[in-house]
Amino acid sequence: MLSVQNIEAGYGHIPVLRGLNLEVADNEAVAIVGANGAGKSTLVRAILGLSPPTTGSISFNGADIGARPPHSRVEDGIAVVLETRGLFGELTVAEHLRLSEHAGSRARRPDGFVRMSLEEVLDLFPVVREKLSTRVEFLSGGQQQMVAVARALLLQPRLLVLDELTTGLAPKVVQEILQALGLLRARGLSLLIVEQSVKLAAAMTDRAYVMSLGRVVHEVRRGEWEQALLDDTLSKAYLHG
Ligand code: ATP
């Protein structure tokens, strides 16, 4: 599905990603973990087209998307929830969802792809349903996060990329989000999740890439999460908790 091959990317002349490789297969949930400044958000920006790679390639379902602009990602089938959420405070929840629904309905998808209806998305996040007529600026951080995910889902992605979704959220909200992600995985959506907490990454994904200084320095493979959680070396070397 997603294949990132040997990319270098950064900001102007400042290099951040230095020869990074990763893969996400169909129906897989993969985590990116690593300390502050490792380059995780820059990787998300590269996948999104905001910080295009200067070398290497990013392909999605066989198409080279590395040089394509960010707005083509909806058509490509990738939806991203950035750490900053990118919501508009003065718009209502319903207005946000309607805009995405429109964009998602126009995006071409392969035969057999089952689109998510607004009702299904609202069933995943009942809080969002309750707040449909509320302006986003009046929502809590957790509620805004759920709106951001709901909006991304209405773009009918094949891959959902989540950048530090759980940071700063109350445990109850984190649990609601984990539950929703579990249901989305069961539907076959692929996930790429940037997460600072190893424990949450383990709860949300099949395997992980550990990043440091713009490179992948370790992989937690399928079936290895339990050991990785016990492995102090991993936590102490690169991670926070
Ligand atoms: P965090 O967990 O703190 O969000 P991260 O792993 O996501 O960290 P990045 O945000 O990708 O790391 O940052 C990687 C490096 O790129 C850091 O050294 C950071 O200072 C630098 N960087 C990030 N954004 C910019 C920018 N807009 N301009 C210049 N340098 C930047």
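Which elements cover the buried residues of H6?

A: The cover over the buried residues of H6 includes strand E6 (78–81) and strand E7 (159–163), together with helices H3 (93–106), H4 (118–124), H5 (126–130) and H7 (171–186). Helices (H or I, at least four residues) and strands (E, at least two) are DSSP runs numbered from the N terminus, and contact means heavy atoms within 4.5 Å. This is a predicted model, in which local features need pLDDT of at least 70 and side-chain atom pairs count only at pLDDT 80 or more, while totals for chains, interfaces and linings use all residues. Residues are numbered from 1 along each chain as its sequence is written, and side-chain values use heavy atoms, with hydrogens and water left out.

Helix H6 itself spans residues 141–153. From the first C-alpha to the last of its 13 residues, H6 reaches 19 Å, close to the 18 Å expected at 1.5 Å a residue; the expected span is 1.5 Å times one less than the number of residues. Twelve of the 13 residues of H6 are buried, where buried means under 20% relative accessible area, exposed over 50%, and partly exposed in between (1.4 Å probe, protein chains only). Among these buried residues are Gln 143, Gln 144 and Gln 145, as well as Met 146, Arg 151 and Leu 153.

Between two of the covering helices, H3 and H4, runs a loop that holds Val 114. Val 114 is exposed, because its relative accessible area is 60%. Val 114 and Leu 159 are 45 residues apart in sequence, and their C-alpha atoms are 13 Å apart in space.

Seven of the nine residues of H1 are buried, so H1 is largely enclosed by the rest of the structure. The buried set in H1 includes Lys 40, Leu 43 and Ile 47. Thr 42, also in H1, counts as buried because its relative accessibility is 6%. Beyond its neighbours within four places in sequence, Thr 42 is in contact with Gly 10, Tyr 11, Val 16 and Leu 17. Just after H1, Gly 49 takes a positive phi of about 95°.

The ligand has 13 residues around it, of which Gly 37, Lys 40, Ser 41, Thr 42 and Gln 196 come nearest; a residue is near if one of its heavy atoms lies within 4 Å. By class, this shell comprises four nonpolar, six polar and three charged residues. Oxygen atoms of the ligand lie 2.8 Å from a polar side-chain atom of Asn 36, 2.8 Å from a polar backbone atom of Gly 37 and 3.2 Å from a polar side-chain atom of Glu 164. The protein covers 60% of the 630 Å² of accessible area that the ligand has on its own, with areas from the Shrake-Rupley method and a 1.4 Å probe; for residues, only the protein chains shown count as cover.

Strand E3 (residues 29–34) includes Ala 29, which counts as buried because its relative accessibility is 0%. Apart from neighbours within four places in sequence, Ala 29 is in contact with Arg 185, Leu 191, Met 204, Thr 205, Asp 206 and Arg 207.

Key. Polar contact = N/O pair within 3.5 Å; in protein donor to acceptor, adjacent residues only side chain to side chain. Nonpolar A, V, L, I, M, F, W, Y, C, P; charged D, E, K, R; others polar.
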